[in-house]
Amino acid sequence: MIEFRKEFFANERDDNLNEIGKPTRRQDILGHVTGRSPYFDDHLFEGLLHIRCVRSPHHHARIRRIDVSAAEKMPGVVRVLLGKDVPLNLNTLLSLLDFGLDDEPVLSTTKVAYKGEPVAAIIAESEAQARAAVLAVKVDWEVLPHVLDVEDAVKPGAPVVCDVYPSNKFIYHGKFDHQKLRYGDVEEAFARADHIVEGRYQMSPIEQAPMETCGAIAAPEVNDRFVCFTSTQGLFFSLGTAAKLLTMPSSRLHFVGGTVGGGFGGKVDSMHEPLAILGAMLTGRPCKYAWDREEEMQVGAPRGAERWYIKDGIARDGRILARKFTGYFDSGAYTRLSSYAIIKGVGHLPGPYTIPNVYADVFCVYTNRTPATAMRGFGITGVDFAIEAHMDKGAEMAGLNPIDFRILNSYRDGDMKAHRRLAKNCALVECCQVVAEKGGVVLTQASRAATSLLDGGGERARLPSRTATDQNGIVSGFKGGNYAKKGGGASGPQPVALPIAASAPTPASASLASVRPASPTYQPAATPPPAPQPPAPAADTARHGALRFSSLSGFRRR
Amino acid sequence: MAMHRGRGFASINYPIGMNLGGDPSQALVHSNPDGKFTVALSSIDLGQGMKSVTRQIAAETLGIPVADVYVDTADSDTGPHCMGSFASRGTHRVGNAVIQAAQEARAVMLEAAAEELEVDATDLVTDGRGNIHVKGAPSRSITTMAACQAAQFKQGRTVSGRGIFLIPLSEVDPETGEMTPVSCFAHAAMLVEVEVDDETGEVSVLDMQSAYEVGRALNPKLVEQQLVGGAWMGMSHALWETTEPYYPDRSHGPVDFNNYLMPGPGDLAPHHISVLERPAPDGPFGGKGPGEMCANPVLPAVANAVYDAVGVRIDELPITPEKVLRGIRANGGARPKMRLARTQFAGAR
């Protein structure tokens, strides 16, 4: 049951458009309902070969030897692939954004760090033959101690999951072992708060569970090119990843996709395309590499588990004075996309509320679990569960109805947010009011009269007069510049430079969102601008064949 | 032993797109000789309706019927670069690229029409039904088909356009986390009613009342399918799903849909959705991405409703019957809170 409440924000919309706002039938509906829309798996070439991987049965182990001699003699086996067959057998997905260090092999050669990690790939005439040959590969494992819990993994002496990050923590900006958010002084505010509310929240790892499992079919094309039909969620993302790992110019790759049987974030990792194309390169025949349901659920990267600790300081009237977070993202054995999700999560804190003091330390932690990746709401869903479960406790502590408590603390147009930009285009208050009305929850007069359009800005647009910063978690041995400067940063509203003196007149609150200051008072802590870095030779060779979309950070290991 | 009802609330906002920017998407638009347009993309349709929403955006911008537009995606030989379909970026980023490409193509179409009608192109408008006419003088008109035909066969013009949308990359300050994350936010509020069996620990979701603010519902049916499906996923995350085994040996993890638990049709609750539309200044016709955020408020709302019903805080997902029972036992029995009780004055609208 759905209704459109057109009376809200009506003066901000033109509802008289020809095509926008119409319930037009999908362009592709006929193909879908008649079963004729082509998916990657419908491109079953004649002579198609099948790829199955040999996977680690251990959470953590050193590979002493891989013996494929028996497997190579099995019926139908065309070729066995090992790490040495992959032209560039090390990658991190976000290298396309220049974010993070290459940390994950396509086929591991020296050790495995999660159960299910691939160490060899069988290419055979049939899937059944490939499965049989997988069982004939003998791997001599030296089992290592493993760690499955994020807080155990960051303790001194924990097993090192990923050699690239020996402390089991991703390194941010080449400088800290976590991403910080510092806004005001939470400790000072806790000291004067009337209520303190603390909580610990744990999100579970979750399977994206698309109907169509992840996969790709690659085949040699004319003119020395390869075609790849894929279920990817990012066509050029997967193409760029394959070009890098296969050290091949993108012009030799022809990717076709676009119609996918559900993704939900699980089809970004580009695990299948490089191996399918490599198979086609080395056999000269079409190759299919796809997960079965068991691999989809146990090898395919899930939504990573997150653990959050939250502490709130609340005033007697129910206003939240300070909120402190400590977060641990379980990235599993490799980085994939978790490091970026944390930045997204930190930019989202403290949720849709205006809180004058906010603090967060968020760690991207490596454990011997299946690597985590994107899923619907990546970087946000887990912390929103924590924030909103915590808000319920805060409301109870303050003696307020949970909806009144949200509206009281809700952000409004023109409010300063903890990442030091002004809020605009807000609508949280109105959503709360509509649900209260529908659910028959009686709100206070103040909550009923509240609006996102007014009551914001002014005092609420101010940056804190003082922010407590620190150098906790500083690391050495990594170097990295800041994020790229070119062209960035100017698109959103900037901090408003209000004088600290309380007597200064403040501009009309409603107009604050569009004000751009001449000189912001806030200055980042006294860090010298990063020196330009000479190109690192190792990194340059690693870049060979890689398509790079942009440069997010000059992040290199020394 | 008894059944206890409770209600839980949550409200959220959601950042649209890759939050640091630096994630461009491109679009190419061109016309056949008879005025039928193709939009070439490399963006992925995951079932969310990427092809359909970009088709409506192109038609609206070009000023032609939606039937005259076909969206072709995704072939890397013909479609220009797109970062991909994730982070709720499809509608916002690709939609803006399509607007830019369609505006360029529309300008050529109007110039061609102007030459045929011997008027100034700035005096021309489209009626959205396949005609171009002089503003205020509908009789001085030419069909979009004739204009495109004239452009290509008489005037030697390509009726085509290129579009790209890029939010430039933002820096992040290592010490304070100062950054310029995303450009717009969607919003939601959710009230969930549950029933908890204090003998078995089982939780049933009885009813969901929601409000979602999506910028603009570019296609209300596509928005509806996202919100309905996403809320189901949120309920599933709250009460059922985990790739972890329920018991501690990791070899007991789920490998198929028999033991990876999800709610079935009988577990679904009626969901009463209200859609609010506050257009995003930089969204295509104000649109934000509804696809991801729709699940988020449901998880905490269910946890809060369980507390309201039996007084047990479950801070670790999923909320299994075992956790509920252990919590009730630790409290010495169910302790209903009823903090969001419906009142007799409610609902007057």
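**The core and what surrounds it**

The largest nonpolar core has 262 residues. Those with the most contacts inside it include Ala120(A), Ala218(A) and Ala276(A), along with Met190(B), Val302(B) and Val306(B). Such a core is a set of buried Ala, Val, Leu, Ile, Met, Phe, Trp, Tyr and Cys residues, joined through C-beta atoms within 7 Å. Buried means 20 or more other C-beta atoms within 10 Å of a residue's own; exposed means 12 or fewer; partly exposed lies in between, with C-beta atoms placed from the backbone. Helix H2 (residues 90–117) of chain B gives this core its largest share, twelve residues. Helices (H or I, at least four residues) and strands (E, at least two) are DSSP runs, numbered from the N terminus.

The model is predicted: local features need pLDDT of at least 70, side-chain atom pairs count only at pLDDT 80 or more, and totals for chains, interfaces and linings use all residues. Residues are numbered from 1 along each chain as its sequence is written, while chains are lettered from A and ligands numbered from 1 in the order in which they are written.

Contact means C-beta atoms, placed from the backbone, within 7 Å. Helix H5 (298–310) of chain B is mostly covered: 13 of its 13 residues are buried. The end C-alpha atoms of H5(B) are 18 Å apart, which agrees with the 18 Å that 13 residues should span at 1.5 Å a residue. The expected span is 1.5 Å times one less than the number of residues. After H5(B) comes Gly311(B), with a positive phi near 75°.

Now Val108(B). Val108(B) sits in helix H2 of chain B. Val108(B) is buried because 21 other C-beta atoms lie within 10 Å. Lys323(B) is 215 residues from Val108(B) along the chain, and their C-alpha atoms are separated by 65 Å.

Next, where the chains meet. The contact takes 119 residues from chain B and 117 from chain A. On the side of chain B that touches chain A, S1(B) gives the most, seven residues. That side divides into 57 nonpolar, 36 polar and 26 charged residues. Here Ala, Val, Leu, Ile, Met, Phe, Trp, Tyr, Cys and Pro count as nonpolar, Asp, Glu, Lys and Arg as charged, and the others, Gly among them, as polar.

Strand S1 (residues 2–4) of chain A pairs with S11(B) in the parallel sense, over three bridges. Pairing takes at least two bridges found by DSSP. Glu3(A) has Ser274(B) as its bridge partner in S11(B).

Chain A also has an open sheet of three strands, in the order S5-S3-S7, with antiparallel pairing. Its edge strands, S5 (111–112) and S7 (138–143), each pair on one side only. Six bridges join strand S3 (residues 61–67) of chain A to S7(A). Asp67(A) stands opposite Lys138(A) there.

Last, confidence. pLDDT is the predictor's confidence in each residue, from 0 to 100. Chain B has a mean pLDDT of 94, and 98% of its residues reach 70 or more. Over residues 344–349 of chain B, pLDDT stays under 50. Where pLDDT is low, the predicted coordinates should not be read in detail. The model scores ipTM 0.96 and pTM 0.91.

Note on methods. Contact = placed C-beta atoms within 7 Å.
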